[in-house]
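Colleague: I'm new to this one. Could you walk me through how to read it?

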Amino acid sequence: MFWTGILASGAVLRGFHDQDHVGTTNSSAQFTFLRAAGNATEGGPPSCGDKYEKLPSFTKEYGETLSDTVCTHPGYKSACKVFDDTLQCWFRKMVTGHCDDLPSMFKQRNDKLVKDCKNPDTDHLDIWQSHFSDAEKSYWRSTYKAQAEDSKLFDTMNKLMPKQLLCSTLHVVDDKCVKYSAVRTQAAR
């Protein structure tokens with residue numbers, strides 16, 4: 001049943017992607033369906049980081065800016081909101097684990113990363129191949145992908161919104177695993 005929901009929700013998102021404006025055709029029912037698929041409990045809840053509440057308040061403010069920063073394509077903007085809780089969970093997991101002490105590459109890649117993340121013609125594989133370092137790929141595989149094997153929520157988000165997920169990961173790493181109150185998207189100086 002759950003896999004049927006994933007396949008159908010993928011088709012719904014493809015429909016969103018092809019529409020000029022989300023909401024032109026029965027969007028309320030589509031988003032209700034996506035939310036139901038995204039909230040499925042098979043596979044258990046994801047681990048979101050156990051020390052998040054002890055972090056400074058600006059960390060939470062930063063997390064609240066992620067969806068708006070990475071969900072800019074009209075076909076995904078509203079759909080991203082469906083999985084915002086799961087994106088926030090990934091964010092909390094990264095931050096409480098200090099992003100595995102990965103170094104920020106803000107100065108080297110931010111301008112191109114921001115441009116590619118906003119460009120609807122750039123897909124997740126372009127982000128993976130052009131922007132992720134070997135250490136970041138290893139981190140991704142050992143944390144997110146491992147988490148996705150145990151959590152249908154993480155797995156579903158990865159299948160439906162991989163580009164947004166990868167972009168958010170790199171923004172968090174480049175912002176020094178959150179030393180700011182919002183995602184930095186301005187030109188690197």
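This is a predicted model: local features need pLDDT of at least 70, side-chain atom pairs count only at pLDDT 80 or more; totals for chains, interfaces and linings use all residues.

Colleague: Where is His131 placed, and which residues does His131 touch?

Modeller: His131 belongs to helix α7. Leaving out residues up to four places away in sequence, His131 touches Arg109, Lys112, Leu113, Asp116, Asp126, Glu136 and Leu170. Met105 is 26 residues away from His131 in sequence, yet their C-alpha atoms are 9.5 Å apart in space.

Colleague: How do the axes of α6 and α10 cross?

Modeller: Look at the angle first: over 145 degrees counts as roughly antiparallel. Here the axes come within 11 Å and cross at roughly 155°, which means α6 is roughly antiparallel to α10. The crossing is left-handed. On the α6 side, the contact includes Phe106, Arg109, Leu113 and Asp116; on the α10 side, Lys163, Cys167, Leu170 and His171 are among the residues involved. By class, this contact has seven nonpolar, two polar and four charged residues.

Colleague: Which residues have the most contacts inside the largest nonpolar core?

Modeller: They are Trp90, Trp140, Tyr144 and Val172, in a core of 39 residues. Helices that each supply at least two residues of this core include α3, α5, α8 and α10. Take Trp90 as an example: beyond its neighbours within four places in sequence, its contacts include Trp140, Tyr144, Phe154 and Leu165.

Key. Residues are numbered from 1 along each chain as its sequence is written. Side-chain values use heavy atoms; hydrogens and water are left out. A nonpolar core is a set of buried Ala, Val, Leu, Ile, Met, Phe, Trp, Tyr and Cys residues joined through side-chain atoms within 4.5 Å. Buried means under 20% relative accessible area, exposed over 50%, partly exposed in between (1.4 Å probe, protein chains only). Helices (H or I, at least four residues) and strands (E, at least two) are DSSP runs, numbered from the N terminus. Contact means heavy atoms within 4.5 Å. Axes are lines fitted to C-alpha atoms, for helices over the stretch in contact, and angles run from 0 to 180 degrees between N-to-C directions. Angles under 35 degrees count as roughly parallel, over 145 as roughly antiparallel, 65 to 115 as roughly perpendicular and the rest as oblique. A crossing is left-handed if the near helix is turned anticlockwise from the far one by less than a right angle, and right-handed if clockwise. Ala, Val, Leu, Ile, Met, Phe, Trp, Tyr, Cys and Pro count as nonpolar, Asp, Glu, Lys and Arg as charged, and the others, Gly among them, as polar.
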